[in-house]
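Please go through the notes below with the structure open beside them.

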Amino acid sequence: PVVATRDDEDDDDDVALGSAPHTDWGLLTLVLADDLAAGAGSSLELWLDGRWRPVVAPVAGALVLNAGDYLALVAADLDLVSPRHRVVAAPRDRFAL
């Protein structure tokens, strides 16, 4: 299960979300960067330095790799962080497995 929390700083009434802010609970999450290339209007956003920032892949078709909560826990000596992120509603269907 995904546990999503909402803080006051998350308020952004003019953004339709496809997924509320969260971290991934497992080991790793792979995201195909088909809509994350520069200029494509990224639907994946990362909470960094107190604001939401779009994740931009260097090339279309690249894979974005998120470390999950469990990996951050079992590999604590590596200083891995499970990044807090959200998905902005895209104009087309998207699939998550």
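How many salt bridges does a search of the whole structure find? The search finds 2. A salt bridge here is a side-chain nitrogen of Lys or Arg within 4 Å of a carboxyl oxygen of Asp or Glu.

This is a predicted model, in which local features need pLDDT of at least 70 and side-chain atom pairs count only at pLDDT 80 or more, while totals for chains, interfaces and linings use all residues. Residues are numbered from 1 along each chain as its sequence is written, and side-chain values use heavy atoms, with hydrogens and water left out.

1. **The sheet.** Begin with the strands. An open sheet is formed by 4 strands, in the order β1-β6-β3-β4, with antiparallel pairing. The edge strands are β1 (17-22) and β4 (51-54), and each of them pairs on one side only. On average, neighbouring strands of this sheet are turned by 25° against each other, direction ignored. Such angles come from axes, which are lines fitted to C-alpha atoms (for helices over the stretch in contact), and run from 0 to 180 degrees between N-to-C directions. Strands (E, at least two residues) and helices (H or I, at least four) are DSSP runs, numbered from the N terminus.

2. **Strand pairings.** Two strands pair if DSSP finds at least two bridges between them. β1 and β6 are antiparallel over 3 bridges. Leu17 stands opposite Val88 in β6. β3 and β6 are also antiparallel, over 3 bridges. For β3 and β4, the antiparallel pairing has 4 bridges.

3. **Glu45 and Arg86.** Look at this salt bridge next. The side chains of Glu45 and Arg86 meet at 2.7 Å, N to O. Glu45 is in strand β3 (residues 44-48) and Arg86 in strand β6 (residues 85-88), so the pair ties together parts that are 41 residues apart in sequence. Glu45 also stands opposite Arg86 in the strand pairing. On β4, Glu45 stands opposite Pro54. Buried means under 20% relative accessible area, exposed means over 50%, and partly exposed lies in between (1.4 Å probe, protein chains only).

4. **Asp49 and Arg53.** Asp49 forms a salt bridge with Arg53, and the closest N and O atoms are 4.0 Å apart. Asp49 is exposed, with a relative accessible area of 66%. Arg53 counts as partly exposed, at 27%. Now check the backbone. Asp49 sits in the loop between β3 and β4. The hairpin of these strands has 2 residues between them, and Asp49 takes a positive phi near 55° there. Asp49 has this positive phi although it is not a glycine.

5. **Asp79.** Which other residue deserves a backbone check? Asp79 is not a glycine, yet its phi is positive, near 60°. Asp79 is placed in the loop between α1 (69-74) and β6. At 67% relative accessibility, Asp79 counts as exposed.

6. **The tryptophans.** A search of the whole structure finds 1 aromatic pair. Trp47 and Trp52 form it edge-to-face, 4.9 Å centre to centre, with 65° between the planes. Rings of Phe, Tyr and Trp (its six-membered ring) pair if their centres lie within 6.5 Å; planes under 30 degrees apart count as stacked, over 60 as edge-to-face and the rest as tilted. Trp52 is buried, with a relative accessible area of 12%.

7. **His85.** Where does His85 lie? His85 is in strand β6. His85 is buried, with a relative accessible area of 5%. Its side chain makes a polar contact of 3.4 Å with the side chain of Asp24. The side chain of His85 also reaches the backbone oxygen of Pro83, at 2.9 Å. A polar contact is a pair of N or O atoms within 3.5 Å; within protein, one must be able to donate a hydrogen and the other to accept it, and residues adjacent in sequence count only if both atoms are side-chain atoms.
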